[in-house]
Number of protein chains: 2
Amino acid sequence: MLQSKLSKAVALTSVFIASLALSSTARAITPEDKVVLEQLKQSSLKSDLSYELIESLTTEVGNRLMGTEGDKRSIEWAVNKMKALGFDKVWTEEVKGTYWQRGHAHAQIVAPFPQKMVVLALGGSVSTPQGGLEAQVAHFETLADLKAAPDNSLNGKIAFVSYRMTKHIDGKGYGPAVGTRVTGASVAAQKGASALIMRSVGTDNNRTAHTGVMRYQEGIAKIPAVALSNPDADLLVNQLKRNKPVTFKLAVETITGHGQSAVSANVIGEITGSELPNEIVAIGAHLDSWDVGTGALDDGLGIGMTMAAAAQIAQLESRPKRTIRVILFAAEEVGLLGAKQYLADRKDDVSDHVLGAEWDFGMGPIYKMTPGVGANALNSIREFAQIIAPLGVSLSPMNNGVAQSDMSLLTKAGMPSVNFAPDGTDYFDYHHTENDTLDKVNPDDLKINTTIYTLFAYYAAQAPVDFRK
Amino acid sequence: MLQSKLSKAVALTSVFIASLALSSTARAITPEDKVVLEQLKQSSLKSDLSYELIESLTTEVGNRLMGTEGDKRSIEWAVNKMKALGFDKVWTEEVKGTYWQRGHAHAQIVAPFPQKMVVLALGGSVSTPQGGLEAQVAHFETLADLKAAPDNSLNGKIAFVSYRMTKHIDGKGYGPAVGTRVTGASVAAQKGASALIMRSVGTDNNRTAHTGVMRYQEGIAKIPAVALSNPDADLLVNQLKRNKPVTFKLAVETITGHGQSAVSANVIGEITGSELPNEIVAIGAHLDSWDVGTGALDDGLGIGMTMAAAAQIAQLESRPKRTIRVILFAAEEVGLLGAKQYLADRKDDVSDHVLGAEWDFGMGPIYKMTPGVGANALNSIREFAQIIAPLGVSLSPMNNGVAQSDMSLLTKAGMPSVNFAPDGTDYFDYHHTENDTLDKVNPDDLKINTTIYTLFAYYAAQAPVDFRK
């Protein structure tokens, strides 16, 4: 099916060229630009560059949590690759954050039926006391149920939230599930719990737990927090159904920097505009990943797609009018730290960013584009939508698009944005797990998604319109 | 699709009953038996018993490698369940074997690009020396390539076989893949290697390695042997493609009994025949599992299906003519030890087993039945085939069926046998991994497969024919 989609996209070229012939001065970009877009489309659909970049990153660097060796290596990797790919300018901008790394994590049901559990500490979790802790499990089906527990009702107990994330094409199951991960530990601690264990925020049934960032609320005791793999959560629920007390043992080690900061960097590369170099078309992704898997999907895909898009354009005979800036943000996973630093350094320059889009949503084919631009630019967006329609992308009737992840902060700061929505049905099978590896990347879908970003960047750099509101 | 198959099976009942009306004395079993078979079919298709048994075993026992606490608990569990389910006789028969258990296993690529690897020791592997071993990787695509390496060419190296198992409905990719696991370590040692690492014998792309039994050849140095998860094997291959020396570090601990035996037991239960109690219809599975996952598929399914089949028949108003014996074999995974002991104790009594079938092939729906019976019994087999045809089972034209796993030894010793073949396409995604858990069981497929075994056991116990050759 995916292969046929790619073939169809290529086959539709003749239809596309025929429609070009019909286009008149009513359209915004020039016939010459349309020819270039067609060339870019053909070359990008044939190019393995984005896949090769992801293969290189995952093979030569692997995972790259802020503050780790992998993070340092990924910065070097990105700088070297951008230079080799013909970017006009490449530089880094320092980003600082809190140091946190994963140590061991062991868990087991002790009684009534002893069984080992597969768990991962949530990012930011404290360690258990030396030797671990052992306590009775108090089961809640939702975060709301945990919140409703009386104060002190969990004294000496381990709180367990078994909420099951649901699968949807747009990933909308993530929102209702992720609250427990981010805030659950402090809610449980407030009721007296000694630890939080939770079903993973994920839609798979693999024996691989899903990590992700958590936060402690000020003034509440910090308790360790881990995610169980989903089959382990099922097993724990099944033991609890026997209506006997269930005792759980948890030993988690995490390493903090004792006040020392973790240092990372945004990596930025540009194809400098030939006529409007100070007007920036921003495409980006995040360079960091969680410290499990190799970060192929999250966000190797975005790195590969945006770097390849700019590199394809750098191969053209001449530079487009506006500057195309690829921003690989540091430390997205631990709280959008790279994006925050990027914005802090550009308080008065956000308006230089005339249009932007990030990619941080996995391997599914893009099926929808939602703009968030000035009303005067909507005709131009419609023109672009026709260009990418043969690639399977429909145009949302809404004009409230927010760029993904890091760049959502730029959207909020006023940057006109486009959101490309993929089929995210399976993304949360792998998100933040050891299973986030290269084999999950579908090369054909990737070619199409990369082509969409290539066409987007070029179109935005050439369109004789102001996308700003 | 699976749900609709179940509905269809129930709906076809009226057709089946209509065909009963047409059956004449030309058919072997009585009209009364056909009515009972239809009752059994209806009740079995509605029954959750086999699922409940697997849920109970995986929740209350979990994995159960010979010699472990889980193994002991599984024997108690099986005895108690059989008694509770109304079996007429329940007993155990001791089985002894070599003690082996898993300790830790850590592996990583050290150079050129350091990355952690997910590995599992193969069953029976020795430990690495204290502190692990570190050596350059010598890559072979197949076991044949490894065998072709000159003597001493692997001195001081780790041999890596990257053979990729292929997916097939009948699981035929297993044979070509499993040789490396069983014999590879000694082949590698003979060439001078200090360890064997291999791509898992499995068809998934999960970060969960596949264990399984291996054997050392007499007179050759014993070297440690591990399986890498398939994504890790891919990553190692990708690093090797850079044509730089790849250094690998391996630290594996395994625990042997220092001469002490592991003790386990076959668990056997019977529904005693009312007219021919000494003629045994044998259905079975293996009670042990590997020490990863909860052994839901391998072989929780077979345990649940065969126990439920006999239990359904035990609920009938009267006992069938022949004895139905459920044999839950010990220590299949480590070399069919339970089956060997069972046979050793019955050298002269194999002919008491008038027909047998094991289940040890996962969760897919059964689509084919292959008999291995006396020619005089083929008409009776065809009659039975018509009874289960509405459940999606076709009759093989061959008469060379061998019972699965343990019972293959009984087939070889002369027991008439039936082999039921399932859709095994996905089975080797989970086989011998941490991912072998309850969630992989499809309750609807399980109901149909259990019904097939129920009808088989009853038919075989009633059919007025000698299945023996």
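Trainee: In this predicted model, where is Pro112(B) found?

Mentor: A cis peptide bond joins Ala111(B) and Pro112(B), with omega about 5°. Most peptide bonds are trans. As for its place in chain B, Pro112(B) is found in the loop between β1 (89–111) and β2 (115–117).

Trainee: Which helix holds Asp299(B)?

Mentor: Asp298(B) and Asp299(B) are also joined by a cis peptide bond, and omega there is about 15°. The helix of chain B that spans residues 296–314 contains Asp299(B), and that helix is α9.

Trainee: What is the phi of Asn152(B)?

Mentor: Asn152(B) sits in the loop of chain B between α6 (143–148) and β5 (157–161). Most residues other than glycine have a negative phi. Asn152(B) is not a glycine, yet its phi is positive, at about 70°.

Trainee: How do α4(A) and α9(A) lie: parallel, antiparallel, perpendicular or oblique?

Mentor: Two packed helices are described by the angle between their axes and the distance between the axes. In chain A, α4 (residues 49–60) and α9 (residues 296–314) have axes 8 Å apart and pack at an angle of about 135°. Angles over 145 degrees count as roughly antiparallel and 65 to 115 as roughly perpendicular, with the rest beyond the parallel range called oblique. That angle therefore makes the relation of α4(A) to α9(A) oblique.

Trainee: How many charged residues are in the contact of α4(A) with α9(A)?

Mentor: α4(A) passes α9(A) in a right-handed crossing. The residues from α4(A) include Leu49(A), Tyr51(A) and Leu57(A), and those from α9(A) include Gly300(A), Met305(A) and Ala311(A). By class, the contact has twelve nonpolar residues and four polar ones, and the number of charged residues is none: no charged residues.

Trainee: How do α11(A) and α13(A) lie relative to each other: parallel or antiparallel?

Mentor: In chain A, helix α11 (residues 378–388) and helix α13 (residues 443–462) pack at an angle of about 150°, and their axes are 11 Å apart. Angles over 145 degrees count as roughly antiparallel. The two helices α11(A) and α13(A) are therefore roughly antiparallel.

Trainee: How does α10(B) lie to α12(B): parallel or antiparallel?

Mentor: The axes of α10 (residues 337–344) and α12 (residues 405–412) of chain B come within 8 Å and cross at roughly 30°. Angles under 35 degrees count as roughly parallel. That makes the relation of α10(B) to α12(B) roughly parallel.

Trainee: How many charged residues are in the contact of α10(B) with α12(B)?

Mentor: α10(B) passes α12(B) in a right-handed crossing. Residues of α10(B) in the contact include Lys340(B) and Leu343(B), and those of α12(B) include Asp406(B) and Leu410(B). Sorted by class, the contact has five nonpolar residues and one polar residue, and its charged residues number two.

Trainee: Which helix gives the largest share of the side of chain B that touches chain A?

Mentor: The contact between the chains takes 22 residues from chain B and 22 residues from chain A. On the side of chain B, α4 (49–60) and α8 (230–240) each supply at least two residues. By class, that side has five nonpolar, eleven polar and six charged residues. The largest share, five residues, comes from α8(B).

Trainee: What kind of axis relates chain B to chain A?

Mentor: Of the contact residues of chain B, 100% recur in chain A, and the same surface serves both copies. Chain B is superposed on chain A by a rotation of 180° with 0.0 Å of shift along its axis, at an RMSD of 0.0 Å. That is the relation of a two-fold axis.

Trainee: Which residues of chain A have twelve contacts beyond near neighbours in sequence, with pLDDT below 50?

Mentor: Chain A averages a pLDDT of 94, and 94% of the residues score at least 70. Residues 1–5 of chain A fall below 50 and have seven contacts beyond near neighbours in sequence. Where pLDDT is low, the predicted coordinates should not be read in detail. The stretch of chain A with pLDDT below 50 and twelve such contacts is residues 9–27.

Technical notes: Residues numbered from 1 in each chain as written. Chains lettered and ligands numbered in written order. Predicted model: local features only at pLDDT ≥ 70, side-chain atom pairs only at ≥ 80, totals over all residues. Axes fitted to C-alpha atoms, helices over the stretch in contact; angles between N-to-C directions. Helix = DSSP H or I, 4+ residues; strand = E, 2+ residues; numbered from the N terminus. Left-handed = near helix turned anticlockwise from the far one by under 90°. Contact = placed C-beta atoms within 7 Å. Nonpolar A, V, L, I, M, F, W, Y, C, P; charged D, E, K, R; others polar. pLDDT = per-residue confidence, 0-100. Least-squares fit on C-alpha atoms with pLDDT ≥ 70 in both.
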